[in-house]
Amino acid sequence: MTTPTGTLPPAGPPDPGLDDVAAWFTAQSGMRERFGAVIRQAIDEVLDGRRTGQYDIRTVDRSVKTFLGTKVEIITRFEFDLGYGKPMDYTVAGHPVDAKFTLNRFAWQIPQEAVGHICLLMNADDRAGTFSVGLVRVTSEILRAKGNQDKKRVIAAGQRSAIRWLVQDGPLPENQLLALARTNAGAVEEIFQGTSGQDRINTLMTHFLGRIVLGTTVDTVANQRDSSKRVRDARIELAKDGIVVLGGNRKAQQKIAAALELPVPKGSTWIPVRLARATGDGRPTAMIAGAEYTVWQEGDKRAPAPELLDGKTN
């Protein structure tokens, strides 16, 4: 019998408690997506890009990484309404469950007091854009004999089959700057070479033409309190290059994106796009400021962008 993620339960003696907890989680609507969102939120909150300008959790201080585990525990509790457990972090389906998170695969630090209990194991690789979630009944037999100075031990390499996977290498919601770095490291360097928040936001928008830009990305790049103002000012500064920045908080701008068959921004997200006057060649068009426009492509004439009709921007 396979689990909903297609993996077989580990071989070994029956464990009704582990079965109960696994069944409870797999019965939760949208479990995979919710765990991904939990980890994404935790990483973003710990990075605190608006204040720090940091976007790569691997490069932060060790103390910050340590706090990430606590943040994941807290947000998981809230997301799945788990409450507080005794003696472990949660109570799930009537069983004590301890939460463990690591950025290094299979490096969960298991304390002695967790032996005999079930652990919810969570891991993320933000650079690769993946995460995993599993369950294990901790026994002394599956742990390495030697622990760290706090007497915490990791699961022995030969005992990893004891893990009951809920999600294996699922897609972690995107960290846009890390994703850009994977394909174009020079672009990220160029963005952060800007000496002001405005310069950095202007450059960011030119590297995301035709793509949604998330609020967390804007916050991190602007690295200041009123990051959305930098987007508003970017509209003015980029207009001379034919670029408009459509915002998710303005229905008229959402309609323009839809008419141009672009991703439609929602809420505190934006999509920058370079426009050209429509030539009747069959490309999607949108009426802006009394004229038909289309998405600019090579060979089109460059011209200043039109003024968006709803000038009150997000």
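# Cavity, pocket and cores

Biologist: Which strand supplies the largest share of the lining of the largest cavity?

Modeller: Strand E7 (residues 270-277) does, with three residues. Strands (E, at least two residues) and helices (H or I, at least four) are DSSP runs numbered from the N terminus. This is a predicted model: local features need pLDDT of at least 70, side-chain atom pairs count only at pLDDT 80 or more, and totals for chains, interfaces and linings use all residues. Residues are numbered from 1 along each chain as its sequence is written, and side-chain values use heavy atoms, with hydrogens and water left out.

Biologist: Which residues line that largest cavity?

Modeller: Leu275, Ala276, Arg277, Tyr293, Ala303, Pro304, Ala305 and Pro306 line the largest cavity. On a 1 Å grid over the protein atoms alone, a cavity is a set of points where a 1.4 Å probe fits but cannot get out; a pocket is an open set with protein on both sides within 12 Å along at least five of seven lines, and lining residues have an atom within 4 Å of a point.

Biologist: How much space lies in the largest cavity, and how many cavities of 30 Å³ or more are there?

Modeller: The largest cavity holds about 30 Å³, and a search of the whole structure finds one cavity of 30 Å³ or more.

Biologist: And what is the volume of the largest pocket?

Modeller: About 800 Å³. The largest pocket has 23 lining residues, and Lys65, Thr66, Phe101, Ala107 and Gln109 lie nearest its centre. Helix H4 gives the most to that lining, seven residues; H4 and strand E2 each supply at least two.

Biologist: Back up a bit. What does the chain look like overall?

Modeller: The protein chain has 10 helices and nine strands. Its C-alpha trace spans about 70 × 40 × 35 Å along the principal axes. Of its 314 residues, 47% are buried (under 20% relative accessible area; exposed is over 50%, partly exposed in between, with a 1.4 Å probe and protein chains only).

Biologist: How many residues are in the largest nonpolar core?

Modeller: It has 35 residues, and Phe25, Phe35, Leu68, Leu120 and Leu135 have the most contacts inside it. A nonpolar core is a set of buried Ala, Val, Leu, Ile, Met, Phe, Trp, Tyr and Cys residues joined through side-chain atoms within 4.5 Å.

Biologist: Which helix gives the most to this core?

Modeller: H2, with eight residues. A second, separate core of 19 residues includes Leu204, Phe208, Ala222 and Ile243.

Biologist: What does Leu135 touch?

Modeller: Not counting residues up to four places away in sequence, its partners include Leu18, Val21, Phe25, Leu120 and Leu166. Contact means heavy atoms within 4.5 Å.

Biologist: New topic. Is Asp219 buried or exposed?

Modeller: Asp219 is buried, because its relative accessible area is 16%. Asp219 is found in helix H8 (residues 215-222). Its side chain is joined to that of Ser227 by a polar contact of 2.4 Å (a pair of N or O atoms within 3.5 Å, one able to donate a hydrogen and the other to accept it; residues adjacent in sequence count only if both atoms are side-chain atoms). Beyond four places away in sequence, Asp219 touches Gly49, Arg50, Gln224 and Ser227.

Biologist: Where does Glu174 lie?

Modeller: In the loop between E5 and helix H5 (176-183). Glu174 is partly exposed, with a relative accessible area of 41%. Glu174 touches Arg40, Ala179, Arg211 and Leu214, leaving out residues up to four places away in sequence. Glu174 and Ala128 are 46 residues apart in sequence and 9.6 Å apart in space, C-alpha to C-alpha.

Key:
Points joined across faces, edges and corners; volume = space filled by probe spheres on them.
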